[in-house]
Amino acid sequence: MSEIREDYLPGCGYKIYQDPAEFTFTTDSVFLAHFPHLANKAKVLELGCGTGAISFYLAARGAVEVTGLDVNPRMVELFNRSAEANGIFWQEEAETGATEMKAEVRKRGAVSVTDDSVPESKKLAPKVHALEWDIKEIKSFCPTESFDLVVANPPYRNSGRERTIGTGACHEKTAVLEDFFAAACYALHSRGRFALVQLPERFMESMELAIRYNLQPKKLQWVHASVDKPAWIFLLEMVKNGSYGLEVLPPLIMYNADGTLTEQAKRQMEKD
């Protein structure tokens, strides 16, 4: 176990604890967190949450409840430690002491903001929590149609040479891409949104899975390191049971010719 690193999310201000021996967040997480539409008082689920960068950004954007799931207990531990350090970790047991609420915490990791037992001051702050959970077991985690938004930065690689650091986060060791689509379809209410980031080489696979799981592609953006380079990732937002109509946004270019961040990329680092 390596030494824990204390970082801050750019443009957000939230503290985040990370273990360099595990996978740490990168710009693709930042871009994904700013990409999807976020409904008022949104209830959000992050699949494969890691240490929580995407979840914390969505909380900063205005989500009232964010729950992260990950099979790696180290990631879940650091996620919840960061949430507590930022004052957004939802400690239902300490607030209510109710047996039924404790059962809900174990099952879901969050409660409705309309719960009368929750102090008014607590209802104003985002409620963020992570659980060690296999996304393939989503049906034992929550009832269907429980969330407004599901987000995922799934492993990119299903073949090739494996990384020695962050293997599970980068390679499909515990779940494949279809598992993320299946979990999102189950967890979302009708007209809810699923947003993910992936490699261009898996674009057609993602589109096929979207149609298979009734997740209609609605918004797409290609991300390039520079204007003269091929896209290295894409951002895709889908709507469960949505109608046809795909909006393709202008490309997101990260760097100018001199290596500095473009104004477009800088805006992505800012809180909405």
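How many aromatic pairs does the structure hold? There are 8 aromatic pairs in this predicted model.

Take one of them. Tyr 14 and Phe 56 have ring centres 6.3 Å apart and planes at 65 degrees, so the pair is edge-to-face. The cut-off for that label is over 60 degrees. Tyr 14 sits in the loop between β1 (5–8) and β2 (15–18), while Phe 56 belongs to helix α2 (residues 53–61), so the pair ties together parts that are 42 residues apart in sequence. Both Tyr 14 and Phe 56 are buried.

Lys 127 lies over the face of Trp 90, at 5.0 Å from the ring centre. Lys 43 lies over the face of Phe 147, at 5.7 Å from the ring centre.

Now turn to the helices. Helix α1 (residues 27–34) is mostly covered, with 7 of its 8 residues buried. Those buried residues are Asp 28, Ser 29, Val 30, Phe 31, Leu 32, Ala 33 and His 34.

Helix α9 (residues 203–212) has two sides. Phe 203, Ser 206, Met 207, Leu 209 and Ala 210 are buried. These residues cover an arc of only 165 degrees around the axis, which puts them on the same side of α9. Met 204 and Arg 212 are exposed on the other side. What covers the buried residues of α9? The cover includes α8 (177–187), β7 (188–198), β8 (215–224) and β9 (231–240). Just after α9, Asn 214 adopts a positive phi of about 55 degrees.

Terms used
Residues are numbered from 1 along each chain as its sequence is written. This is a predicted model: local features need pLDDT of at least 70, side-chain atom pairs count only at pLDDT 80 or more; totals for chains, interfaces and linings use all residues. Side-chain values use heavy atoms; hydrogens and water are left out. Buried means under 20% relative accessible area, exposed over 50%, partly exposed in between (1.4 Å probe, protein chains only). Helices (H or I, at least four residues) and strands (E, at least two) are DSSP runs, numbered from the N terminus. The arc is that of the directions from the helix axis to the C-beta atoms. Contact means heavy atoms within 4.5 Å. Rings of Phe, Tyr and Trp (its six-membered ring) pair if their centres lie within 6.5 Å; planes under 30 degrees apart count as stacked, over 60 as edge-to-face and the rest as tilted. A charge sits over a ring if NZ of Lys or CZ of Arg is within 6 Å of the ring centre and within 35 degrees of the ring normal.
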